[in-house]
Amino acid sequence: MGEWRREWREANRASWDERVPIHVSGEFYDVAAFKAGEERLQPFEIAEVGDVAGKDLLHLQCHFGIDTLSWTRRGARVTGLDFSGPAVEAARGLASEMGLEATFVQSDVYEAVGATGGRAFDIVYTGRGALNWLPDIDRWAGVVSELIKPGGFLYLTEFHPFTEVFGDDDLTVEHDYFQDEEPRVWDEPGTYADFEAETVHNVTYEWNHTLGKVISAVITAGLDVELLHEFDYTKFARWPILEKTGFDTYRLPAGTPRIPLMYSLRARKS
């Protein structure tokens, strides 16, 4: 990475490092309920990924490992990777407390091939709120392709980039859908898991990768797209207007025109 990109990465890492303990101890992730067996994967993820028993699964940008360990509980041999040291330590601690076998590696996602020892995986999984932290989606797709065994696949579930045109208060269009060369710079205290949390490292750099850019990057990297689904609900209170309809399911009120809030993509390596 160039000098400016190192600055972006380190600012983002400081932000995530600070928020890990807030997330681990807060109500949003409710670690106690997860330990007690509560399912955190979305039903569509379980259906679209399929049986993972005995398969090698790599979770990129895994945060402190709840989704990673959800796949462990379904029988996968999992490796989680994240650039935040506190997140990786928290993930290792959570796995130990639950008696689950999992490997967690601290690494920038672009260096994942070396960080995982050049291994190849049956499934590379990445979850919501991940791609917006990456400046180069084409490079990301190339790394993902290297990490997948022949016959294996990428499974991506992400917040829909269309939602990024709106402000935080309502569905007023405030931002471009298309990303400029420079990142979008935010200076916002708190976290999606606790809007009122007191935080110091609040400047972050993000990129809105359009749906077309993501799909094109995956195809260019040599992966065959098998499914692309869009969903009319999301996982947190993105706007005050959203109504909670499940543990972590938020929808627009009945009668409101529906828009895509999340999507999923599966792409296989020949």
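1. The protein exposes about 12300 Å², and carbon and sulfur atoms supply 51% of that; the areas come from the Shrake-Rupley method with a 1.4 Å probe, and for residues only the protein chains shown count as cover.

2. Before you go on: this is a predicted model, where local features need pLDDT of at least 70, side-chain atom pairs count only at pLDDT 80 or more, and totals for chains, interfaces and linings use all residues. Residues are numbered from 1 along each chain as its sequence is written, and side-chain values use heavy atoms, with hydrogens and water left out.

3. Look for 8 helices and 12 strands. Both are DSSP runs numbered from the N terminus: helices are H or I with at least four residues, strands are E with at least two.

4. Now find the open sheet of 3 strands, ordered E9-E11-E10 with antiparallel pairing. Its edge strands, E9 (233–234) and E10 (243–246), each pair on one side only. E9 and E11 pair over 2 bridges (two strands pair if DSSP finds at least two bridges between them). Tyrosine 233 has arginine 251 in E11 as its bridge partner.

5. Threonine 249 sits in strand E11 (residues 249–251). Is threonine 249 buried or exposed? Its relative accessible area is 13%, so threonine 249 is buried (buried means under 20%, exposed over 50%, partly exposed in between, with a 1.4 Å probe and protein chains only). Leaving out residues up to four places away in sequence, threonine 249 touches Gln42, Tyr233, Thr234, Glu243 and Lys244, where contact means heavy atoms within 4.5 Å.
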